[in-house]
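This report describes the two-chain model shown below. It takes up the contact between the chains, then a sheet with its helices, and finally the nonpolar cores.

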Amino acid sequence: MENKDANAFTLHSNVYDMIEIKDLHKSYQMGSNSLHVLKGIDFKVAEGELVAIMGSSGSGKSTLLNILGMLDELDSGEYHLDDVAIRNLNETKAAKYRNKFLGFVFQSFNLINYKSALENVALPLYYQKKKRKARQKKALEYLDKVGLADWATHLPSELSGGQKQRVAIARALAAEPKVLLADEPTGALDSTTSYEVMDIIQAINDEGKTILVVTHEEDIAHMCKRIVHLKDGVIVEDKKIEQVRASNYV
Amino acid sequence: MFSKDRWSEIFQAIGKNKLRTVLSGFTVALGILIFTVLLGMGNGLHNSFLTSFVDDAQNIIFVRTGETSKAHKGFQEGRRLQLKSEDLAFIEDNNIGKVEYITPRIYRGTLARYKKESGNYTIRAVSADHQHLEKTIMMKGRYLNEDDVAERSKNIVIGRLVEKDLFKNEDALGKYLNMDGMAYKVIGVFQDSGGDNEERLIYMSYTTVQLLFGNNDHLDQINLSYNMAMSTDQAIAFADKIERDFKQKFNVAPDDQSAVRVRSFAEDIKETMIILGGINLVIFIVGIGTLISGVIGIGNIMTFAVKERTKELGIRKALGASPRSIVSMILQEAMLITVVAGYLGLLIGIVLLRAIGNNLEDFFILNPYVDTGIVIFATVTLILAGLFAGYVPARRAAKIKPIIALRDE
């Protein structure tokens, strides 16, 4: 297995590493007990990859994603994102890096319910201190990209689940992040809608965006280009796969 | 802080939570309204008390004499004491720098006649200083002066109603009024806010009256005002000293209450001010109390609002909102609600006070108002209150971890 890993890295050696993690550990304090969730993760993601992170619940996949997303702090180890060491960030700096480097897509969409689709997409641009006109223009551009330009003025409550997730993807992309982190993006969707969302994710990846998808669904994982299996806090399998195109199912 | 985008974010958040906003605003508006009205009423009370002093100068002291009620130093009781012209100098010389104005008063009744009109009037014989002590307002001509006193002139200053009664439509100035067979020249006509009786007086130099009505140097009363630089306590001490000096001069027992009577407003003013101070303190405490409860109300509702918006704030943080921007967003929201609602309350309060106006005069509330100082104080308090109300929930909001806020439940 170690050989396999080594091969994988050699294959990518000529490509720029967007994410680089070395010997990552993370524990949670549960009362008097310490729960060791991540037990030494070594992991690299090259620019332009589409990686599925799989594992049963409790495997540590969400914790890994949270640390990658700077939503949680690592205990020990190293984390480089786009060659920037992510370490001891205060809240302000973490917010700045999140805004600059990362786009998030969540299982439950997490749209702000009193803002229209367009306003939701424009929000990260507001925190980038872009001018109002520029925000609107760019937000509309990305809404168009996920095929929802006509729904710009609608509130999330007026959209279907698939549409909501597409708005969320547009929002994650609007800030033009280096990496897109998707936590169970299809977890709340039926399979047809799931494939539509994966189709969009594949299209974005085709344009060169680095994307990590946490999922427990095999079919979704196989629409990525590489699958990393986590079990009990360690990587048990890391393999490149033949990508299944979601467009075949749509 | 003042960016248009930030405000539109806040207005959007407020607009989506109208009920919550209205409720929290209501507590503050009510607090300020009660505060304003109470304070205004307090001022009204103050006005009402002050008007009872305005007719005469507030720093006035009256000196009168009567009969002794106790035997002292070999003198029998029931001895009649008489103030004399020299007593004016006696007061002034013993209290250098303390006396502002001083005048004697001698009263004489008279039948005054001009042409066919005549009537009974009171002559109040005084010195030039009396004008200041009585706050006499000259309508025309001049008041008595030092020369009138020195030369015992037969010049008189008559009240507005004397002119009206006797001179009808004529101008009294320069005319001669006949009193008890003698002609006096009218050199001035005055008005006085003390009422009709005051305006039916005839002023004449006290020296003239002393000469013509008995050829003596007797005075009925001495009025003086103390230097305004003196505190109320100093003024009370001053009045006490005058009383002691006269008692000594006239050989009167120190505890004789009727022989020498010195009265000043200072004590009345002091008592009134203490009572008013007490009332104002109570009003202030009640007002501040309602204000604080309003502020706590806002803080409470904002805390609840932050809890309710935990997820939204978590999303914002995940999208790159800094803790600072979250704190200032919540603070500004709290401040906006507080200031707008507070001003509304203030405005309603002021309008209410205007509407009350003098309708509550029977309850000793005259022309209630709040002054600019209070409005500025209230404004600053409101902004601080908004900051205070927003601070705790804002801190809480800033500490929200997006990872916890976004956890799927």
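The contact between the chains takes 22 residues from chain A and 17 residues from chain B, where two residues are in contact if their C-beta atoms, placed from the backbone, lie within 7 Å. Helix 3 (91-101) and helix 4 of chain A each supply at least two residues of the side of chain A that touches chain B. Helix 3 of chain A gives the largest share of that side, six residues. Helices (H or I, at least four residues) and strands (E, at least two) are DSSP runs, numbered from the N terminus.

The model is predicted: local features need pLDDT of at least 70, side-chain atom pairs count only at pLDDT 80 or more, and totals for chains, interfaces and linings use all residues. Residues are numbered from 1 along each chain as its sequence is written, while chains are lettered from A and ligands numbered from 1 in the order in which they are written.

Chain A contains an open sheet of six strands in the order 6-7-8-3-9-10, with mixed pairing; two strands pair if DSSP finds at least two bridges between them. Strand 6 (102-105) and strand 10 (234-240) of chain A each have a single partner strand, so one side of each is left without a neighbour in the sheet. From one strand to the next, the twist averages 20 degrees. Strand 6 of chain A pairs in the parallel sense with strand 7 (residues 179-183) of chain A over four bridges, and A:V105 stands opposite A:A182 in strand 7 of chain A.

Helix 6 (residues 161-174) of chain A packs on the sheet, touching strand 6 and strand 7 of chain A. The table lists the angles that involve this helix; axes are lines fitted to C-alpha atoms, for helices over the stretch in contact, and angles run from 0 to 180 degrees between N-to-C directions.

| Pair in chain A | Angle |
|---|---|
| Helix 6 and strand 6 | about 170 degrees |
| Helix 4 (residues 117-127) and helix 6 | roughly 25 degrees |

The axes of helix 4 and helix 6 of chain A come within 7 Å. Helix 4 of chain A is therefore roughly parallel to helix 6 of chain A, a term for angles under 35 degrees. Among the residues of helix 4 of chain A that meet helix 6 of chain A are A:N120 and A:V121, and the helix 6 side includes A:V167 and A:A170.

A nonpolar core is a set of buried Ala, Val, Leu, Ile, Met, Phe, Trp, Tyr and Cys residues joined through C-beta atoms within 7 Å; buried means that 20 or more other C-beta atoms lie within 10 Å of a residue's own. Of the 119 residues in the largest core, A:I53, A:V121, A:A170 and A:L212 touch the most other members. Helix 11 (residues 323-356) of chain B gives the most to this core, with ten residues.

Conventions: A residue is buried if 20 or more other C-beta atoms lie within 10 Å of its own, exposed if 12 or fewer, and partly exposed in between; C-beta atoms are placed from the backbone. Angles under 35 degrees count as roughly parallel, over 145 as roughly antiparallel, 65 to 115 as roughly perpendicular and the rest as oblique.
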